[in-house]
Amino acid sequence: MSKSHPLPTSEIPVMKKLPTDSETLAKDFERYLTHHMGRFIGCVPYYLYEALSLTIRDHIMTGWRNTWRSHEEKGLRKAYYISLEFLIGRSLGNHILNLGISSQSKAAMNRYALNLEEIISEEHDAGLGNGGLGRLAACFMDSCATLKLPVVGYGIRYEYGMFRQEIENGYQIEEPDHWLMNGNPWELERPEYTQIIKFGGHVETFSDQDGNKRHHLLGTSDVLAIPYDVPISGYQNDCVNTLRLWSASTTDVFNLDDFNAGSYPEAVEAINEAEHITMVLYPNDSSENGKALRLKQQYFLASASLQDVMRMWSINEGDNFTHFARQNVFQLNDTHPAIAVAELMRLLMDEKNIPWDEAWNITQSTMAYTNHTLLPEALEKWPVALFENLLPRLLQIIYEINAQFLKKIAQQWPGDINRQRRMSIIEEGDTKYVRMAYLAIVGSFSVNGVAALHSRLLTEGLFKDFYQLLPERFNNKTNGVTPRRWVVHSNPLMSSLITEKIGADWVRHFEKVNKLKKFIDDNDFTDRWFNVKKANKQRLAKLVKEKCHIDFDTNSLFDVQVKRIHEYKRQLLNILHVIHLYDRIKRGDTKNWTNRCVLIGGKAAPGYRRAKSIIKLINNVADVINTDPQAGDKLKLAFIPNYNVSSMEIICPGTDLSEQISTAGKEASGTGNMKFMMNGAITVGTYDGANIEILEAVGKENFFLFGLRVEEVEQRRKNYQPERIIAEDNDLKRVMHLLNCGHFNSFEFNIFDEIITSLMNPHDPWLTLADFRSYIEAQEQVSRAYRNRANWVKMSINNTASSGYFSTDRTMMEYNDDIWKLDL
């Protein structure tokens with residue numbers, strides 16, 4: 001492993017900007033294509049994308065190095081955002097937008113009779129995330145760069161991402177998503193900053209020359225963490241932050257003796273075992289091997305990232321960590337990187353010989369934890385036996401952290417053994433577990449939720465005991481999304497119209513979109529708004545035709561629910577409504593009908609059988625409806641496969657109705673709701689997550705609210721009787737009959753029995769049928785409202801104009817003001 005000998009920051013020259021006129025861009029593009037890549041105009045389109053990416057990267061590089069230079073200034077406080085996911089999507093179009101060279105790039109490609117949008121579409125979505133968590137992290141990084149906040153992102157460079165979803169006979173099929181097959185022109189390998197990650201082994205305890213007890217790991221299996229840097233450009237401000245992604249490799253590249261002996265698999269065994277760590281996002285953990293791999297991933301990320309920060313610290317400060325907490329803060333994005341608490345303690349004590357109390361003070365002063373779930377089962381915990389096998393030294397540290405924490409609880413509540421048991425980082429039982437969320441809370445100075453209701457429910461329920469002990473640590477930071485990606489880039493027609501009316505400053509200061517409200521009664525403006533939406537719906541209809549082979553009529557209401565498939569998100573409730581509409585058509589109940597095209601998309605975790613059955617049900621219902629001449633244009637249903645960032649960039653602007661229908665108290669925040677709102681979709685939703693703040697911002701007259709509230713959910717659980725609900729609701733009775741009689745699975749007997757049983761279960765945690773009647777009534781309101789075109793357009797404008805609060809620029813400023821306190 002090579003050693004780095006960095007120059008002092010003051011000796012690194014500032015890079016000058018390159019010219020960005022179209023002629024220069026065209027010449028550079030041709031030079032890369034012909035001289036660097038050995039291709040030519042007319043080659044496979046992917047190579048045109050690669051050549052243009054390398055051209056644009058040259059312009060990114062100037063700001064990237066200058067930003068890095070400024071961030072290496074001695075004494076500057078920086079933040080490190082550690083996340084298992086960064087769902088950044090495509091990069092080329094985003095960088096062109098942020099550099100402010102869209103027109104020049106288009107003109108440069110026109111010189112060769114090439115279409116810029118077609119070249120951009122050749123880029124494969126980066127396989128670095130799955131859903132809202134990863135997309136949020138990407139939005140955060142965008143806003144940090146735009147606000148010029150000195151923030152570095154740390155993640156994993158997954159070889160295959162999660163998976164590519166295909167649909168066969170209605171079933172989800174998982175195929176490898178080899179997004180790096182052709183390389184990635186946006187990444188720079190940094191082998192000089194490689195870190196060594198140690199697994200297994202045993203702990204040796206000894207006394208140093210001063211008589212202090214020390215610990216050393218011996219007999220470990222070591223893995224290399226090789227960093228790849230990806231640029232995150234700010235919006236037209238010359239700031240380019242870094243996303244550093246770690247790739248696993250073996251320390252022993254090849255066993256030649258095994259190979260020569262004919263033991264070919266054994267020769268590469270070490271390579272395979274190491275590289276498995278960064279092979280896929282969220283390996284299926286239904287097996288012991290899967291659990292071990294997940295824990296390895298989390299430790300690999302945390303250890304590599306912390307070692308990297310300490311490496312950079314040592315360049316200026318050596319082994320003096322007196323001011324480390326003053327200049328560094330780590331934001332743990334959900335519970336996955338919580339192991340960083342124990343790892344930082346290990347590094348400080350075992351590697352830097354810092355005493356426990358001082359190391360613990362540094363750790364608690366630098367770690368901040370963001371929680372993203374209200375589902376207890378989603379809070380990660382690992383068997384102690386697994387921890388002891390993979391990370392024996394960290395388990396020792398966690399036990400000591402827990403012992404000291406339990407003393408604090410005992411002092412606060414003497415004799416309250418049940419409270420100690422509830423709050424212990426170690427969960428006792430036949431199988432002992434390490435509760436990772438508890439470790440994060442105990443080891444952090446800040447614990448935040450991601451929406452007002454979510455943060456309140458954390459302190460009243462999931463983390464109530466911790467809040468009573470440590471109330472000063474808990475705070476709320478409502479999520480947001482970046483308007484550059486989700487409005488300017490995704491919806492150029494609407495963005496141009498907004499800029500024409502209120503100027504371009506709204507892109508940097510998104511709260512200024514509220515100026516659109518003064519045009520709500522301007523007939524010319526509302527007509528143009530309607531036409532923009534119609535054009536975006538045509539683009540979406542084209543995507544649906546291409547991916548699903550179903551025709552969507554753009555005069556119909558486009559009703560969309562795209563998100564991870566999970567029971568609490570209640571795609572099932574959506575399907576029950578679709579079946580209800582179909583039943584109405586079959587019964588001839590179509591007076592004052594509103595034509596509707598329903599689009600659903602999302603991936604189910606490979607091991608989540610029920611969610612995969614829901615996908616199958618959606619597709620079977622779609623097959624019946626879409627082939628029934630009586631339904632015709634009155635009702636269409638499509639499931640879009642392999643939902644990702646790039647498809648959302650088309651879906652979002654073309655949506656009329658945004659489905660945000662989780663069981664109240666289950667959705668932490670949601671960010672899809674914000675993207676749809678920004679693009680003028682109206683929400684039908686429960687009083688849950690950030691829906692509440694959207695409702696407050698836009699007003700109840702521009703939001704279709706339905707369903708039980710949190711307190712009502714808890715009361716209803718005590719006496720939930722699905723069979724009685726069905727018996728008393730004729731519409732629901734007919735819907736359940738169609739499911740029970742096999743109308744949607746005529747030749748696939750009993751395949752939906754498990755779903756039907758779950759709906760009728762008195763202990764159904766999602767209370768799906770309890771909200772059915774309220775949901776149907778809300779959807780009837782939607783249909784009536786959509787038939788009043790003029791008022792619907794005003795509702796759409798109001799949603800966009802009221803969405804300023806949901807920009808991640810606001811979110812990141814709150815993180816900085818209240819948690820990070822970075823130097824601007």
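Which residues point one way from β2, and which the other way? Val-151, Gly-153 and Gly-155 point one way, while Val-152, Tyr-154 and Ile-156 point the other way. All of them are buried, where buried means under 20% relative accessible area, exposed means over 50%, and partly exposed lies in between (1.4 Å probe, protein chains only). In a regular strand the side chains alternate between the two faces of the sheet.

The model is predicted: local features need pLDDT of at least 70, side-chain atom pairs count only at pLDDT 80 or more, and totals for chains, interfaces and linings use all residues. Residues are numbered from 1 along each chain as its sequence is written, and side-chain values use heavy atoms, with hydrogens and water left out. Helices (H or I, at least four residues) and strands (E, at least two) are DSSP runs, numbered from the N terminus.

Strand β2 covers residues 151-156. Because 6 of its 6 residues are buried, β2 is largely enclosed by the rest of the structure. Two strands pair if DSSP finds at least two bridges between them. β2 pairs in the parallel sense with β1 (residues 78-82), over 4 bridges. Tyr-81 has Gly-153 as its bridge partner in β2, and Tyr-80 has Val-152. β2 also pairs in the parallel sense with β10 (residues 240-250), over 5 bridges. There, the bridge partner of Gly-153 is Leu-243.

Strand β1 is mostly covered, with 5 of its 5 residues buried. Lys-78, Tyr-80 and Ile-82 point one way from β1. Ala-79 and Tyr-81 point the other way. β1 runs parallel to β11 (residues 328-333), and 5 bridges join the two. Lys-78 stands opposite Asn-328 in β11.

β22 (residues 682-685) and β23 pair in the parallel sense over 2 bridges. Gly-685 stands opposite Leu-705 in β23.

An open sheet of 3 strands has antiparallel pairing and the order β13-β15-β14. β13 (381-383) and β14 (426-427) are the edge strands, each pairing on one side only. β14 and β15 (residues 433-435) pair in the antiparallel sense over 2 bridges. Ile-426 stands opposite Val-434 in β15.

Nonpolar cores were also assigned. A nonpolar core is a set of buried Ala, Val, Leu, Ile, Met, Phe, Trp, Tyr and Cys residues joined through side-chain atoms within 4.5 Å. The largest has 183 residues, of which Phe-300, Phe-387, Phe-463 and Trp-820 touch the most other members. Helix α10 (residues 288-317) gives the most to this core, with 13 residues. Residues up to four places away in sequence not counted, the contacts of Phe-300 include Ile-156, Ile-197, Phe-199, Trp-246 and Ile-277.

Note on methods:
Contact means heavy atoms within 4.5 Å.
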